[in-house]
Amino acid sequence: MVAPSESSPLNDCRWTVIVKGCSIFLSLLMLTGITACRRSLQPARYNVLMITLDTTRADRLGCYGYPLALTPTLDQLAREGTRFEHCRSPIPLTLPSHASMMTGLYPPEHGLRVNGMDVLAPELVTLPMVFSNAGYRCGAFIAATVLDHRHGLNRGCEIYNDHIETPKISSEDYERTGHLPDLTPPMRPGAQVVDDALVWLDTVRDRPFFAWVHLYDPHYPYERHDALPQLRREDPYDEEIAYTDWQVGRLVKWLDRYGLKRKTLIVIVGDHGESLGEHGEATHGLTLYENALHVPFILSGPPRLRSVGPIPTPVGLVDLFPTLLECTGLANHPMAAAQLARSKGRSLFPLLCKKNIPSRSLYAETIHPYHQFGWAPQQALINQDWKLIRSPKMELFDLSRDAHENTNRWNDAEQSRAALNQLRDFEKTLERTPPISQPLASDDIRKLEALGYVAGGQKSISDAYTNEDAWAALFTLRDIKDGLDIARKSFSIRAKIIVNDVGDDVLEQAKTLVKESPETLFFQNLLGCLYLRRNEYDPAIAIFRHTLDINPDYSESINNLAMVYMILQKFTDAEPLLRHEIENSPQSIRAHKSMGYVLLHLGQPAKARDHFEFVLSREPESHGAHKYLGDALLQLGDEAGALAHYTESLRLNPGWMDAALPLAHLLISAHEPQLRDPSRALQIAWQACETTEHHVVEPMTALAAAYAALGRPQKAAEVTELALAVARESTNETAGLALKSDLDRYLRAAAGSEE
Ligand SMILES: [Zn+2]
């Protein structure tokens, strides 16, 4: 027998076959598909460290040929492992894209097709579910709200670390910095995510683990990292990627420290790219050009991967599910069987063994243009040479000669017809899962609004997900290529509304938007919000009403219109709107909050209580719900309950006058003597006066009442005199009259106590 050559993996393969050359073994190999050569990766119980790089274009990493990159860790992982040169995302949106990685299914198949909505269907299996079932410890460390556990990607994870603070958006920030905050996303920096991941990894390093670490820093806005001058890049997007690389390096160092690298499959993958202004799109989500779809994909860790070299075969994110299962010996795990049979993804394991796999087309889509603007969605079918983008204005690109998609070859009739037929045939093979909708908590809506991800209020198209004609009808709407400019303007206007920059010029811009795209309810809603912020309630009502004539279920407009009516104290007008909204979205926290408030003012405290209790069952930290539940309970005669909820409200939002004052009054004048505590009332009222610099009547009145209750009428009278001066200053006559009567009473009491 000839000894195998050390240098040639091919020879090595032959050698394996010769040595193990009995026919039973060979047929077993054929049967199981385990035809790997000895020097290639063998399926094994590897740990999996899966790092998803949000918004990272492949062509901005050093290992993908970008000369200005500072990505030493990723480059080294690519050198030590293997790099897929052409990996495509099936959708340029974070949630659906990650769902495809975790399930091996395309968005129409797993049902999560936009950000901010819907839950993964319960029958679907995710990678962590299979790994945890196979005895792995599974943990996920998430950097942005878009991947919140409510969408179901937490299944199978013993820890799903997704706590992210709401972004602080204030007009003061805008005035100070001049930066519009609409794109200040609710995310946390990679350092925090990796810190948390390392703490957990330390507890599982003796067991097989599957860790998913999500790094979001390259997402807009691109921030500088001045504290790390060594990461300085001219382009801030590159600097964010350099920072991300640095965080990846911390995880790799941890593997090195414990000698785990060779036992760990390190998966580096992007969820989608970033347009960076190319093809008219600033960021991502609306188009399907290569800037948005071509993502990095590197497998590293086990030393045998080193010999594989870069792989030119086009692959997709749907391939991750079967590939990771096969690499870890779980390809035949019963839990995954049904989904593997259904998945259009295929295991790339043969490529890691230097075997070819037949070429295949990749699919991509985005429905975001419809959801946000009422415009046509896009679909793409990509193979080695060409790429079809289906939209009202069709595009066909020859990627082999035109990588940047500059020349539309749709005029090539034969090629175009063939491509379109292929797309149609492909669509027929999709086994669709209808989305399971779940409204988000109000807090999450706020977080998503900051990202520009809240649906624009167009009518639901869930029927189009399963009905061919309804789907085809969407492609008669405005082409996104003709809308990108308008879209950009709308983002700037929304940002200005958030920071209360609602001057006449902004109003004119919003009116122009509505004129340019009257089919976009989102623009009409923006205009309505602008009127609302300008305290111009009649035009606000008219425009919200108009949007509801077109789509009676448009949540944003229902809630905004109800808000106008609440401001105008027209509670009977607000009530039926909110009832309709709660019928549509029984879980809508925002609608329940407003409904409770409305019922409280309609003299129905018992019903109001039910709504606030619902809100608190979902959002126990809602200081507003605690305060208004306190009001409802007080009206129902439950003083102890009211006291508890006012107290909790104030604890959650220290210094909030709306909770502090009723609490102080209750502590002074509760009917149940054991609830009274004027000393505490004094403390609260004093704090409220300090906060308002002794220039607001109400806290001063409460302070005076607390002094009086403590048997100090002289002090009460002094405070009341000061309050009277404030009332006179602000020509508040009603308050003035009440204060005078208070003052008389305190003075009489003071005179009496002196006697
Ligand atoms: Zn993303």
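This is a predicted model: local features need pLDDT of at least 70, side-chain atom pairs count only at pLDDT 80 or more; totals for chains, interfaces and linings use all residues.
Biologist: Which residue just after α11 takes a positive phi?
Modeller: G329, with a phi of about 75 degrees. Residue numbers start from 1 along each chain as its sequence is written.

Biologist: What makes α11 "mostly covered"?
Modeller: A residue is buried if 20 or more other C-beta atoms, placed from the backbone, lie within 10 Å of its own; 12 or fewer makes it exposed, and in between it is partly exposed. Eight of the eight residues of α11 pass the buried test, including F321, P322 and E326. They pack against β1, α4, α6, β7, α12 and α13. Across the 755 residues of the protein, 49% count as buried.

Biologist: What about strand β1, then: why do you say it is largely enclosed?
Modeller: Seven of its seven residues, 47-53, are buried, so the rest of the structure largely encloses it. N47, L49, I51 and L53 point one way, and V48, M50 and T52 point the other.

Biologist: What makes β1 and β7 a pair?
Modeller: Two strands pair if DSSP finds at least two bridges between them. β1 and β7 have seven, in the parallel sense, so the pair passes the test of at least two bridges. L53 stands opposite G270 in β7. On the β6 side, six bridges join β1 to β6, also running parallel, and L53 has L215 as its bridge partner there.

Biologist: In what order do the strands of that open sheet stand?
Modeller: There are seven, in the order β2-β9-β7-β1-β6-β4-β5, with mixed pairing. β2 and β5 stand at the edges with a single partner strand each, so one side of each has no neighbour in the sheet. Further in, β4 and β6 run parallel and share five bridges, with F141 partnered by V213 in β6.

Biologist: Which helix lies across β2, β7 and β9?
Modeller: Helix α3, residues 72-80, running at about 60 degrees to β9. Such angles run from 0 to 180 degrees between N-to-C directions, and axes are lines fitted to C-alpha atoms, for helices over the stretch in contact.

Biologist: What describes the crossing of α19 and α20?
Modeller: Their axes come within 10 Å and cross at roughly 145 degrees. The contact involves residues including I486 and I493 of α19 and V506 and L513 of α20; two residues are in contact if their C-beta atoms, placed from the backbone, lie within 7 Å. The crossing is called left-handed, a word used when the near helix is turned anticlockwise from the far one by less than a right angle; clockwise would be right-handed.

Biologist: What does the pLDDT say about the model?
Modeller: pLDDT is the predictor's confidence in each residue, from 0 to 100. The average is 88, and 89% of the residues score at least 70. Residues 1-37 stay under 50, with 27 contacts beyond four places in sequence. Residues 168-175 are also below 50, and beyond near neighbours in sequence this stretch has 12 contacts in the model.

Notes
Helices (H or I, at least four residues) and strands (E, at least two) are DSSP runs, numbered from the N terminus.
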